[in-house]
Amino acid sequence: MAYDFDTPVRRLGTDSVKWDGLTNRFGQKNLISMWVADMDFVSPPAVVEALQQRVAHGVYGYTRRPEDYFGALARWQNTRHNWEVDPQWVAHAPGVVASLNLLIQTFTGPGDKVMIQPPVYYPFYEVISRNKRRVVENPLAFDGTRYTMDFEDAAKKLADGVKMVILCSPHNPVGRVWTREELTRFGELCLSYGVLVVSDEIHGDLIYSQYTHTPFAAITEDFANHCVTCVSPSKTFNLAGFHSSAVVLQNSNLRQRYLATLGQLALDFTQPLTAVAFMAAYQQGGPWLDELLQYLQDNLAFVEKFMLERVPSVRVIHPEGTYLVWLDFRQLGLSSKELDHFIIDKAGLALDEGHIFGAAGEGFQRLNIACPRLVLQQAMMQLDLAVESRRLK
Ligand SMILES: Cc1ncc(COP(=O)(O)O)c(C=O)c1O
């Protein structure tokens, strides 16, 4: 491998949410931190070098986006996902969650219904309710192994006056990479009820080898005109701290309205370091990402094998994308609270608790495997010991 994903990097002392924020979030600091969705890996060397050069310059005045900024993103989507994006369709966003707020404020009104598919990335609930819109849940169907969309339930909910849908594609936390067929069926349903689809594709570059990410907007021209896609280099290249992402709006009417909101709030700016990192990542990060994906795939294979052989009472829901692994602890027979305590106090791990992703997440926990293999091995051993000592009691 040309890049080093094996050597642990000490993040403590950098004010990282994941490590320095442990006590705040979990009440103790001696845990292996595998919750918040960023990676314990150094970003691509091309990004680090570009940032170092820019930092060394020493003047950090007002900065514009380089001319090719959205072009770099558009080419990336085209080469990686076969999605032809005109750079003119792309608009800046100060992070994906921020853009979800802006989109809700722009395209819905107070009291409007916004549909999501739980168990799902918990800030979806917050962005809807904080903006005084109503959450409509279209829970995913689960057969004990794999999650799918419940189209019948979706049709009922959409028929009942939903204004916007937030699609999580690929899906966090269940790891589904929606197929073209699933997305087509879902999109046709939404469009038949005139519902705007916001497709959060932040995990779209993190796809395991047998699967393909299909951008929702790339499916049909009609879909492209009735959706907004959120994309970002933040998960792909571990740049979440920059809080910089983009939205793609092919429909010029939607785009003008979004840009008006962005302008009103004076949010359409970049920062000197952000612009540099964004460009270097999209222009030069491809080979690094290819190796990262191989490393994550090997991490996943390790977890799946280890759990099957050593901790079969905990089921791994096989992810098709993302570096997040959804673990089913229901066989242990613990209440939600007991499970949370068990993971922290007995296994010494900091995971995202399943119930924060909605009621359907009760009895599950979400494991972030974007860490050096050694750390992952240690974490799995701790989990094995905790489950084993419970069994022996
Ligand atoms: C589906 C999804 N959307 C958005 C985000 C956060 O994006 P940002 O940090 O750009 O707000 C995450 C982070 O975990 C995520 O999983």
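This is a predicted model: local features need pLDDT of at least 70, side-chain atom pairs count only at pLDDT 80 or more; totals for chains, interfaces and linings use all residues.
Residues are numbered from 1 along each chain as its sequence is written.

**Domains**
- The domain assignment gives domain 1 (22-44 + 287-392) and domain 2 (59-284). Such bounds come from an automatic or database domain assignment.
- The C-alpha centres of domain 1 and domain 2 lie 26 Å apart.
- Domain 1 brings 24 residues to the contact, and domain 2 brings 29 residues. Two residues are in contact if their C-beta atoms, placed from the backbone, lie within 7 Å.
- On the side of domain 1 that touches domain 2, helix 11 (286-310) and strand 12 (324-328) each supply at least two residues. Helices (H or I, at least four residues) and strands (E, at least two) are DSSP runs, numbered from the N terminus.
- Strand 12 gives the most to that side of domain 1, with three residues.
- By class, the side of domain 1 that touches domain 2 has 14 nonpolar, seven polar and three charged residues.

**Helix 2 and helix 10**
- Helix 2 (residues 45-57) packs against helix 10 (residues 272-284) at an angle of about 150°, with their axes 8 Å apart. Axes are lines fitted to C-alpha atoms, for helices over the stretch in contact, and angles run from 0 to 180 degrees between N-to-C directions.
- Helix 2 and helix 10 are therefore roughly antiparallel to each other. Angles under 35 degrees count as roughly parallel, over 145 as roughly antiparallel, 65 to 115 as roughly perpendicular and the rest as oblique.
- Helix 2 passes helix 10 in a right-handed crossing. A crossing is left-handed if the near helix is turned anticlockwise from the far one by less than a right angle, and right-handed if clockwise.
- The residues of this contact divide into ten nonpolar, one polar and one charged.

**Helix 3 and helix 10**
- Helix 3 (residues 69-81) meets helix 10 at an angle of about 30°, with their axes 9 Å apart.
- Helix 3 and helix 10 are therefore roughly parallel to each other.
- Their crossing is left-handed.
- Tyr69, Ala72, Leu73 and Trp76 of helix 3 make the contact with Ala275, Phe278, Met279, Tyr282 and Gln283 of helix 10.

**Helix 4 and helix 5**
- Helix 4 (residues 96-107) and helix 5 (residues 123-130) pack at an angle of about 35°, with their axes 10 Å apart.
- Val97, Leu100, Asn101 and Ile104 in helix 4 meet Pro123, Val127 and Ile128 in helix 5.

**Backbone**
- Most residues other than glycine have a negative phi, and most peptide bonds are trans.
- The peptide bond from proline 118 to proline 119 is cis, with omega near 5°. Proline 119 lies in the loop between strand 3 (113-116) and helix 5.
- Serine 169 and proline 170 are joined by a cis peptide bond, with omega about 0°.
- Lysine 132 is not a glycine, yet has a positive phi of about 60°.

Notes:
Ala, Val, Leu, Ile, Met, Phe, Trp, Tyr, Cys and Pro count as nonpolar, Asp, Glu, Lys and Arg as charged, and the others, Gly among them, as polar.
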